[in-house]
There are 2 protein chains.
Amino acid sequence: MVRAGLTAERLTRAGAELADEVGFDQVTVSALARQFDVKVASLYSHVKSSQDLKTRIALFALAELADRVAEALAGRAGRDALAAFANAYRYYAKEHPGRYAAARLRLDPETAAASAGVRHAQMTRAILRGYDLSEPDQTHAVRMLGSVFHGYVSLETAGGFDHTPVDPQQSWAWIIDSLDALLRHQAATS
Amino acid sequence: MVRAGLTAERLTRAGAELADEVGFDQVTVSALARQFDVKVASLYSHVKSSQDLKTRIALFALAELADRVAEALAGRAGRDALAAFANAYRYYAKEHPGRYAAARLRLDPETAAASAGVRHAQMTRAILRGYDLSEPDQTHAVRMLGSVFHGYVSLETAGGFDHTPVDPQQSWAWIIDSLDALLRHQAATS
DNA sequence: GCCGTTTGCCTAAGCCTTGTAGGCGCTGCA
DNA sequence: TGCAGCGCCTACAAGGCTTAGGCAAACGGC
């Protein structure tokens, strides 16, 4: 019998791809076993549970997304950095909807603390360095940026903008411009 | 044998309450049957499937939330209306996390078109009447408001703000103020 | 009040997914 | 070449979804 060469890492990658194809919540141990043409029980030597598998995919997606964002941010500042940051998220969600959904999985605190989520927070703060905000405004701004970008991507992916004949790309650009203006104004008055 | 008095509507309400208690994705036909002390198959006379049940709960939550928002908006305009609108969403999500999650369920286009989601869109536009924006800026602004509020509530509910010692209520107020300023400024320059 | 119809919930059964326990053969190393 | 351990297997239990078909309570007409 030919061995399938299962690994936690290979299962995680395949799970991420499967998520992009059929949706993150359709990723099951059974479906993954079928992909590898292997019996379901065999997977349990590599992942502890269905929950464990999903957590691994989430961590993988978080790290991959953080890499993309970091690359997009390199050498940029101010409005440029803001737009690059925003676009990195939006494009990732478009390209990998299942992985993006996975990255939104709720993690328990210690897992989250050890995840690439920390890098995401750092990078968001890094963008704001270009706007010279002091605390607590900086934290407010971090939360606002996170909310807008996640909210927009989430609504757009869910088809929430399909019923108005205005190009989502235009709205996206408008929002980034608005946020840039807002942050510059805030910096000036704080 | 005493009849349990099952109805699609009663099942939907009970499902909504169950969602608030254990999470929307933990709402199953089986769990609901246990609540009514009835066999699982009995529910299938009232709802077509598990998916149908979830859709009904989603529609119920959307309508309830729209009612809350409408009530909050009554007699308000401008910044006042913006804050009331935002708070209605945030408080609903805090009070009924399961129902809020249900309201985010992706509906097929015709179901969505017949849902209270339409009222949500109308009310968001109504708020912007106080800012005198012309198209397409108005649509951009609608999308931005939807993104911020949904994004914030979503991140806050998911515990995303737990690791920074800044009161989320303060950030929320800051964001509403910022959006108000932003919209007023946009109106002035458009 | 009686009877037929409708309604409401039931039993039974099949299929899918998750998860555990234990077995057997292939692989790699001595 | 022998054998230890790894990698995948079979078997099984529990729980969720769904359909088919049955029986009895409720209801409406007479």
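Me: In what order do the elements of chain A run from the N terminus on?
Reply: They run α-α-α-α-α-α-α-α-α-α. Chain A has 10 helices and 0 strands. Helices (H or I, at least four residues) and strands (E, at least two) are DSSP runs, numbered from the N terminus. This is a predicted model: local features need pLDDT of at least 70, side-chain atom pairs count only at pLDDT 80 or more, and totals for chains, interfaces and linings use all residues. Residues are numbered from 1 along each chain as its sequence is written, chains are lettered from A and ligands numbered from 1 in the order in which they are written, and side-chain values use heavy atoms, leaving out hydrogens and water.

Me: What do the buried residues of H1(A) pack against?
Reply: They pack against helix H2 (29-35), helix H3 (40-43), helix H4 (50-73) and helix H6 (97-103) of chain A. Contact means heavy atoms within 4.5 Å. Among the buried residues of H1(A) are A:Leu11, A:Ala14 and A:Leu18.

Me: Why is A:Leu128 called buried?
Reply: Buried means under 20% relative accessible area, exposed over 50%, and partly exposed in between (1.4 Å probe, protein chains only). A:Leu128 has 0%, so it counts as buried. A:Leu128 lies in helix H8 (residues 117-128) of chain A. Not counting residues up to four places away in sequence, A:Leu128 touches A:Leu133, A:Gln138, A:Ala141, A:Val142, A:Leu145 and A:Leu183. A:Leu128 and A:Leu145 are 17 residues apart in sequence and 9.8 Å apart in space, C-alpha to C-alpha.

Me: What makes B:Arg184 partly exposed?
Reply: Its relative accessibility is 48%, so it counts as partly exposed. B:Arg184 is found in helix H9 (residues 168-189) of chain B.

Me: B:Gln186 also has its place in helix H9 of chain B. Why is B:Gln186 called buried?
Reply: Its relative accessible area is 15%, so B:Gln186 counts as buried. Which residues does it touch? They are A:Trp174, A:Ser178, B:Leu133 and B:Asp137, not counting residues up to four places away in sequence.

Me: What covers the buried residues of H9(B)?
Reply: The cover includes helix H9 (137-157) and helix H10 (168-189) of chain A. From chain B it includes helix H4 (78-95), helix H7 (117-128) and helix H8 (137-157). One of the buried residues of H9(B) is B:Trp174.

Me: How do you know how chain A is related to chain B?
Reply: Two copies of a chain are related by a rotation about an axis and a shift along it. Here, a rotation of 180 degrees with 0.0 Å of shift along its axis superposes chain A on chain B (RMSD 0.1 Å). That is the relation of a two-fold axis. The copies are superposed by least squares on the C-alpha atoms of residues with pLDDT of at least 70 in both.

Me: How do you know through which surface the copies meet?
Reply: Look at the interface residues of chain A: 100% of them are also interface residues in chain B. So the copies meet through the same surface.
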